[in-house]
Amino acid sequence: MPARARSSRNGALVAFEAGVATTYGLANAQERGVTFIEPGTRVYEGMIVGLQAREGDLAVNVCKEKKLTNMRASTAEIQVRLSPAVRLSLEQALDFIEDDELVEVTPASIRLRKRLLKADDRARARKAAVALG
């Protein structure tokens with residue numbers, strides 16, 4: 001396979017925890033970029049959940065839940081409004097991925113993920129690539 005020219009795509013938002021995506025966690029992720037999933041979506045570590053506004057990948061916790069306290073703030077009535085999730089077709093997903101990413105196709109969905117799911121493994125591979133030059 002011929003080497004692909006380096007694209008100018010921004011980094012990915014990568015889930016660093018397995019679980020179910022929450023509105024609160026996705027709202028925090030949307031502050032950093034565009035998301036590809038909706039609340040209630042099952043995610044796993046290493047799954048790409050969005051596109052970051054900057055270069056480089058960013059690990060995000062889309063499963064994070066808002067801490068419930070007994071105290072009520074004056075802004076308690078303000079609801080979290082999410083931007084609609086961007087849905088990629090198979091062709092768009094294949095164009096989107098970088099060399100260290102994969103597309104998973106199932107009858108129910110098209111998902112993007114990192115080739116190495118664990119953050120430690122990805123960091124180790126990055127260091128090895130830098131050492132090799």
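**Close-ups of a predicted protein chain**

**View 1. Helix 3, end to end.** Helix 3 covers residues 119-132, and at 1.5 Å a residue its 14 residues should span 20 Å; the end C-alpha atoms are 20 Å apart, so the two values agree. The expected span here is 1.5 Å times one less than the number of residues. Helices (H or I, at least four residues) and strands (E, at least two) are DSSP runs, numbered from the N terminus. This is a predicted model, in which local features need pLDDT of at least 70 and side-chain atom pairs count only at pLDDT 80 or more, while totals for chains, interfaces and linings use all residues. Residues are numbered from 1 along each chain as its sequence is written, and side-chain values use heavy atoms, with hydrogens and water left out. How many of the 14 residues of helix 3 are buried? The count is one, so to speak a helix that is hardly covered. Buried means under 20% relative accessible area, exposed over 50% and partly exposed in between (1.4 Å probe, protein chains only). Just after helix 3 comes Gly133, with a positive phi of about 95 degrees.

**View 2. The whole chain.** Step back and you'll find three helices and eight strands. Starting at the N terminus, the elements go β-β-α-β-β-β-β-α-β-β-α. Out of 133 residues, 29% count as buried. Contact means heavy atoms within 4.5 Å. Among contacts with a separation of 6 or more, 64% join residues 24 or more positions apart.

View 3. Rings of Phe, Tyr and Trp (its six-membered ring) pair if their centres lie within 6.5 Å; planes under 30 degrees apart count as stacked, over 60 as edge-to-face and the rest as tilted. That rule gives one aromatic pair. Phe36 and Phe96 make up this edge-to-face pair, at 5.4 Å centre to centre with 85 degrees between the planes. The pair ties together distant parts of the chain, 60 residues apart: Phe36 sits in the loop between strand 3 (33-35) and strand 4 (42-43), and Phe96 in helix 2 (residues 90-96). Phe36 counts as buried because its relative accessibility is 11%, and Phe96 is buried too, at 12%. Arg9 lies over the face of Phe96, 4.2 Å from the ring centre; for that, NZ of Lys or CZ of Arg must be within 6 Å of the ring centre and within 35 degrees of the ring normal.

**View 4. The largest nonpolar core.** A nonpolar core is a set of buried Ala, Val, Leu, Ile, Met, Phe, Trp, Tyr and Cys residues joined through side-chain atoms within 4.5 Å. The largest one has twelve residues, including Leu13, Leu26, Ile37, Met47 and Val62. At least two of its residues come from each of strand 1 (12-15), helix 1 (23-30) and strand 5 (47-52). Another core lies apart from it, with eight residues, among them Val14, Phe36, Ala93 and Leu112.

**View 5. Helix 1 and its neighbours.** Gly25, Leu26, Ala27, Ala29 and Gln30 are the buried residues of helix 1. They pack against strand 1, strand 3 and strand 6 (58-60). Leaving out residues up to four places away in sequence, Leu26 touches Ala21, Thr35, Ile37, Glu38, Pro39, Val62 and Leu82.

**View 6. Around Gly11.** Gly11 belongs to the segment before strand 1. Is Gly11 buried or exposed? Its relative accessibility is 4%, so Gly11 counts as buried. Beyond its neighbours within four places in sequence, Gly11 contacts Leu51, Gln52, Arg54, Glu55, Gly56 and Asp57. The C-alpha atoms of Gly11 and Glu55 are 4.6 Å apart, although 44 residues separate them along the chain.
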